[in-house]
Amino acid sequence: MAASPVDLFSDTHTLPTPGMRRAIFDAEVGDEQLGEDPTTRALEERVAALCGTEAALLLPTGSMCNKVGVAALTRPGDAVVVDSRAHVLRFEGGGPAVLSGVVFEPIASERGHFDGGRLRAALNPGSVYQPRTSLVCLEQTHNFAGGTVWPIERYREVCSTAHEHGASVLTDGARLLNAVAASGVPARDWADPVDAVWIDFSKGLGAPGGAVLAGAAAFVADANRFKYLFGGAMRQSGMLAAACLYALDHHVERLPDDHARAARLASGLGDLGLLVEPPETNMVFFDPAPLDAPGFVLALEERGVRMSLAAGRIRAVTHLGVDDSGIDRALAAAAEVVAAGDSS
């Protein structure tokens, strides 16, 4: 029997574990739209406690958390400051522009993290000619900057600068708990300086879906209105919430394993002469030059290893579906491709 592929394409490719499937099966459920789903309420309370916020709200996806958060913290015609490679800007179909009528003001940075000075230069009080900057969106960890973690002091500086100029701050925390694992800074410390933050459960935490948006009670009430407006309301959402609760109980403390495997993968790829960006969490970005990146990815896939292309680089993401033997197989396949030079 052929070995199953080593899937490093994304941590969104995790599958529910047997224990998680049992939790889904056994979930106590009710009507979420009436606030009668006890498992959903339990998850929301758990995330609010984790982040130290007054309230939280389960949504189907992290992308919807961004869209709902932007809608609740802006008005049409406002400007939203983001890093130039931010997921909310580049990979969500222009949703906030369509749904909330906002424009983006991107800031270029090397590792996805700008400082207060660069933010200050981008903020605008607005006029009859120019849009008012009402929101700053941060990303933790920053996906396409390499899975990087904001330094906590710079993060606080940026949040303080935004608030001084009357702008709110929304943190895209799709991989917030990876940042917690890498930095040792608790989730509540990342949530404290911002107006809203969310956690995605369908990535390194291994759930089949679900993300929870957290903030002050008044913000969450506004967010709930946009959840309904954007079609995110559910019925027996406790089945999804049960998977997320299981992930909090069983899949958080193992995140450093993913980081260690990413570091080992990066080291091995570097030993092959590939140009590798040092990983901070569970993402490895590298350039196979002089070999062709698309061809390199195809050659790896022919050898049972799946990675993805990201702006001319190759991205490999470790997660609970890839063990130590998977890293060994990925490195062996990469060595074959390099030796053969058959990715052109």
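A residue is called buried here when its relative accessible area is under 20%, and Lys-203, at 13% relative accessibility, therefore counts as buried. Keep in mind throughout the tour that this is a predicted model.

Next, select Asp-31 and Arg-235, which form a salt bridge whose closest N and O atoms lie 3.1 Å apart. This pair links distant parts of the chain, 204 residues apart: Asp-31 sits in the loop between helix 1 (18-26) and helix 2 (38-51), while Arg-235 belongs to the loop between helix 10 (217-229) and helix 11 (238-250). Asp-31 is buried, its relative accessible area being 17%, whereas Arg-235 counts as partly exposed at 43% relative accessibility.

Then move to Asp-328 and Arg-264, whose side chains meet in a salt bridge with an N to O distance of 2.9 Å. Here too distant parts of the chain are linked, with Asp-328 in helix 14 (residues 324-340) and Arg-264 in helix 12 (residues 255-271), 64 residues apart. Asp-328 counts as partly exposed at 42% relative accessibility, and Arg-264 counts as partly exposed at 32%.

Finally, select Arg-111, Glu-277, Glu-280 and Arg-313 at once, because a network of salt bridges links these four residues, a salt bridge being a side-chain nitrogen of Lys or Arg within 4 Å of a carboxyl oxygen of Asp or Glu. For anyone wishing to continue, a search of the whole structure finds 16 salt bridges.

Definitions and conventions: Residues numbered from 1 in each chain as written. Predicted model: local features only at pLDDT ≥ 70, side-chain atom pairs only at ≥ 80, totals over all residues. Heavy atoms only, no water. Helix = DSSP H or I, 4+ residues; strand = E, 2+ residues; numbered from the N terminus. Buried < 20%, exposed > 50% of the residue type's maximum accessible area, 1.4 Å probe, protein only.
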